[in-house]
Amino acid sequence: MVNKKKKRKKIIQEPKVPPKIFEAASNGKLVVFIGAGVSRIIGCPSWEELSIIHLKYLYDMEEINYHEFINLRLLDTRKLLSICKNIYETKNINPPSMETIFKGEDKLSNKFKIYEDLYSFKAIYVTTNYDNHLDKVAERTVSNTQINIKSRDDFTSEIDTSSRDSFGKVFYKKDEILISNLEQGNVIHLHGSINNYAEAIITTVDYINHYNKDRGNRVAVFLEEMFEKYTVLFAGYGLEEYEILEFLIKDIPKAKDYRHFMLYPMFAKDENLLVFYEEYYKALGISLIPYSIDKKGYAQLAQVIKKWAKEISKYSRPKYFYETVKLIDEVI
């Protein structure tokens with residue numbers, strides 16, 4: 001008996017939204033996990049570019065020589081950032097302005113409304129990015145947002161979200177990384193923010209302490225709860241950010257139903273490579289959703305998000321939505 005080859009998945013420009021994401025959105029259980037690939041679309045640096053910016057800053061200030069510069073730049077990103085931070089502290093040097101580094105480009109921000117589209121998912125947002133572009137969208141949106149709840153009899157009750165304590169809030173301090181803040185519209189910065197950059201997670205030691213499960217810290221508890229009870233969609237991540245993903249996902253119980261997903265940029269001709277990538281991420285409990293970057297490059301992610309926003313927003317509901325609907329029906 002001849003075994004049939006498994007049919008290869010086509011890599012297209014605009015993949016379909018998986019049904020499990022619609023289901024999670026309708027239950028208020030969708031978490032969008034945002035990486036540097038999103039902010040790069042509007043001109044912010046990648047993780048690697050950030051480390052080179054710091055290194056060049058030290059070279060321009062003549063705190064390191066050219067020989068040191070060309071050799072240090074060969075180090076992996078986390079090691080290089082650790083060394084740069086150590087030089088700042090040892091020599092009492094102020095680092096470059098993070099607000100300037102993560103400002104982005106106005107031209108690109110006007111062209112790609114990726115953060116506005118992501119926020120229209122009406123999901124829960126977790127990010128390892130330091131920038132505040134999504135924060136601004138959340139703050140701008142929440143004041144004018146209302147959640148419409150319809151019963152089976154088309155009864156409509158409008159809930160002013162500004163009256164809720166946690167809706168649409170931005171959290172960037174470690175003691176704010178709480179399970180209770182996993183609420184629709186909230187933005188949670190896992191590694192800190194330019195608003196509190198002195199406490200940002202940057203160095204190798206920072207990462208080890210931040211995710212040290214042996215200490216029973218709230219970050220580990222937070223991630224366990226999120227991956228166990230929510231559906232997570234990664235956007236702006238890839239193999240090149242394995243170091244970050246390693247800290248995020250290692251030791252986290254893997255969902256048996258593979259309800260976590262990652263939007264993944266690829267060239268259409270690389271269907272054969274997709275098989276290997278899928279197996280790699282499957283071991284992490286994540287299903288890959290490839291999209292073709294043949295025509296627009298990495299900016300294609302903005303187009304995918306824009307299309308998905310129109311579809312997912314129709315399904316999005318807050319947690320306990322259906323319990324509220326049931327209560328409304330009983331009152332009526």
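# Cores, buried cysteines and a helix contact

User: Which of the 84 residues in the largest nonpolar core touch the most other members?

Analyst: Phe121 and Met226 do. The model is predicted. Helix α14 (residues 300-312) supplies the largest share of this core, with seven residues.

User: What is methionine 226 in contact with, leaving aside its neighbours within four places in sequence?

Analyst: Val31, Phe33, Val126, Leu182 and Val232. Each counts as a contact because heavy atoms lie within 4.5 Å. Another core, of 11 residues, lies apart from the largest one, and Leu55, Ile64, Phe69 and Tyr88 are among its members.

User: Why is cysteine 44 called buried?

Analyst: The relative accessible area of cysteine 44 is 3%. Buried means under 20%, so cysteine 44 qualifies.

User: What makes cysteine 84 count as buried?

Analyst: The relative accessibility of cysteine 84 is 1%. The cut-off is under 20%, and cysteine 84 therefore counts as buried.

User: Why is α5 called roughly perpendicular to α10?

Analyst: Helix α5 (residues 77-90) packs against helix α10 (residues 204-211) at an angle of about 110°. Angles of 65 to 115 degrees count as roughly perpendicular, so that is the term for α5 and α10. Their axes are 8 Å apart.

User: Which residues make the contact of α5 and α10?

Analyst: On α5 they are Arg78, Lys79, Ser82 and Lys85, and on α10 they are Thr204, Asp206 and Tyr207.

User: How do the residues of the contact of α5 with α10 divide into nonpolar, polar and charged?

Analyst: There are four charged residues, two polar and one nonpolar.

User: Which residues of helix α1 (residues 19-26) are buried?

Analyst: Ile21, Phe22, Ala24, Ala25 and Ser26. After α1 comes glycine 28, with a positive phi near 70°.

User: What share of the 332 residues of the protein chain count as buried?

Analyst: The share is 50%, where the test is again a relative accessible area under 20%. The protein chain has 15 helices and nine strands.

User: What percentage of the contacts with a separation of 6 or more comes from residues 24 or more positions apart?

Analyst: Such residues account for 76% of those contacts in the protein chain.

Definitions and conventions:
Residues are numbered from 1 along each chain as its sequence is written. This is a predicted model: local features need pLDDT of at least 70, side-chain atom pairs count only at pLDDT 80 or more; totals for chains, interfaces and linings use all residues. Side-chain values use heavy atoms; hydrogens and water are left out. Axes are lines fitted to C-alpha atoms, for helices over the stretch in contact, and angles run from 0 to 180 degrees between N-to-C directions. Helices (H or I, at least four residues) and strands (E, at least two) are DSSP runs, numbered from the N terminus. Angles under 35 degrees count as roughly parallel, over 145 as roughly antiparallel, 65 to 115 as roughly perpendicular and the rest as oblique. Ala, Val, Leu, Ile, Met, Phe, Trp, Tyr, Cys and Pro count as nonpolar, Asp, Glu, Lys and Arg as charged, and the others, Gly among them, as polar. A nonpolar core is a set of buried Ala, Val, Leu, Ile, Met, Phe, Trp, Tyr and Cys residues joined through side-chain atoms within 4.5 Å. Buried means under 20% relative accessible area, exposed over 50%, partly exposed in between (1.4 Å probe, protein chains only).
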